[in-house]
Amino acid sequence: MPPLSLRQDSHFSISKPLRISSASGFTLIELLVVIAIIAVLIALLLPAVQQAREAARRSQCKNNLKQLGLAMHNYHDTHQIFPPGTINAGCECDKVAPGGPILNHTGYQMMLPFLDQAALYNAFNFNVASTDSRHQPANCNADVPTTGNQFSVLKGQIPVFRCPTDPDSDKGTNVGAYAHSLGSYRVSYGMASTLSDYDMTSPYSQLSVKGVFAMNGAARMRDITDGTSNTIALAESPFKKNENGLGPYWAAYNLFQFLDLDAAPFNTGVTTTGVGRNIAGSHHVGGMQILLSDGSVRFLSENASQTDVIRPLSTISKGEVIGEF
């Protein structure tokens with residue numbers, strides 16, 4: 001009898017024994033190690049990312065100042081004078097606007113056509129007040145505006161007036177005597193001076209210490225005998241002040257439009273209570289950006305000498321020797 005053979009089509013088959021495989025995975029310790037490594041990498045990378053973002057914001061802030069410098073120079077080329085800091089401001093109105101009317105226009109408004117904002121400029125009626133800003137003293141001889149304000153023409157903040165590093169609100173404040181500012185926007189770049197608003201009570205030509213801007217007046221290029229590269233035109237000022245409602249605002253004059261660089265060291269109280277009246281400063285680490293009268297932008301260290309650098313930089317014709325900055 002022939003031996004049995006298994007054919008390929010046979011119903012019989014020899015099965016292999018089953019193998020039980022165990023699934024591989026991470027242990028709890030391995031998972032914790034991976035998480036720890038990721039956390040360390042994030043801790044290392046986050047400051048670099050934040051620094052890169054701040055560098056971009058600071059670059060944008062610098063570009064804003066350059067645009068404002070170009071607008072100032074174009075205004076000067078057109079009118080043979082820089083724009084006035086304010087026009088018939090409510091502060092000390094019995095002296096700066098005797099007989100009235102109070103208008104509360106600003107030099108920022110005057111620069112709008114040179115900032116690609118001619119339509120907005122034309123929307124303002126410069127024959128009437130930009131706002132019913134409070135007036136000092138209350139019995140001044142100037143006509144007091146009674147028609148509210150012109151904030152209805154504003155559709156939003158103009159980016160060139162805002163430093164992107166500043167985290168605080170740039171909107172006007174509805175607080176007491178400053179309620180007239182509601183609807184306006186603050187500007188990050190104040191007009192540099194060595195005088196406060198209350199000290200600018202004479203015509204610009206009669207001021208003993210002159211900056212580039214003042215009430216109802218401004219310098220001509222030829223007036224800056226200290227050199228345009230040695231004279232600050234604009235400097236940063238944080239939105240947050242230690243009194244609600246303080247400016248500077250760009251769409252209408254409010255109290256404390258000018259930065260008195262002779263008053264106190266800048267950056268005082270920036271991140272806590274807010275800077276005081278007329279005080280410059282920024283949220284950039286270590287200093288603030290300034291626009292010089294020649295149109296260049298410099299970063300001014302907060303360690304710069306008040307006597308040897310900051311004060312001489314804020315005047316146009318005192319002949320001081322300026323230290324390194």
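Strands S8 and S9 run antiparallel and are joined by five bridges, where strands count as paired if DSSP finds at least two bridges between them, and where strands (E, at least two residues) and helices (H or I, at least four) are DSSP runs numbered from the N terminus. The model is predicted, so local features need pLDDT of at least 70 and side-chain atom pairs count only at pLDDT 80 or more, while totals for chains, interfaces and linings use all residues. Residues are numbered from 1 along each chain as its sequence is written, and side-chain values use heavy atoms, with hydrogens and water left out.

Within this pairing, Met288 has Leu300 of S9 as its bridge partner. The two strands form a hairpin with four residues between them, and Gly295 in the turn has a positive phi of about 95°. S8 and S9 belong to an open sheet of five strands in the order S7-S3-S6-S8-S9, with mixed pairing. Strand S7 (258–260) and S9 stand at the edges with a single partner strand each, so one side of each is left without a neighbour in the sheet. Elsewhere in the sheet, S3 and S6 pair in the antiparallel sense over three bridges, and Gly190 stands opposite Ala235 in S6.

Helix H5 (residues 306–313) has Gln306, Val309, Ile310, Pro312 and Leu313 buried, buried meaning under 20% relative accessible area with a 1.4 Å probe and protein chains only. The cover over these buried residues includes strands S6 (232–236), S8 (287–292) and S9 (297–301), contact meaning heavy atoms within 4.5 Å. At the start of H5, a side-chain oxygen of Ser305 comes to within 3.3 Å of the backbone nitrogen of Thr307.

The structure holds five aromatic pairs, defined by ring centres of Phe, Tyr or Trp (its six-membered ring) within 6.5 Å, with planes under 30 degrees apart called stacked, over 60 edge-to-face and the rest tilted. Two of them are tabulated here.

| Pair | Geometry | Centre to centre | Between planes |
|---|---|---|---|
| Tyr108 and Phe161 | edge-to-face | 5.8 Å | 80° |
| Phe124 and Phe126 | tilted | 5.8 Å | 40° |

Tyr108 lies in helix H3 (residues 107–110) and Phe161 in the loop between helix H4 (118–123) and strand S3 (189–193), so their pair ties together parts that are 53 residues apart in sequence. Both Tyr108 and Phe161 are buried, and together with Trp250 they form one aromatic cluster. Phe124 is buried too, with a relative accessible area of 6%.

Key: Buried means under 20% relative accessible area, exposed over 50%, partly exposed in between (1.4 Å probe, protein chains only). A polar contact is a pair of N or O atoms within 3.5 Å; within protein, one must be able to donate a hydrogen and the other to accept it, and residues adjacent in sequence count only if both atoms are side-chain atoms.
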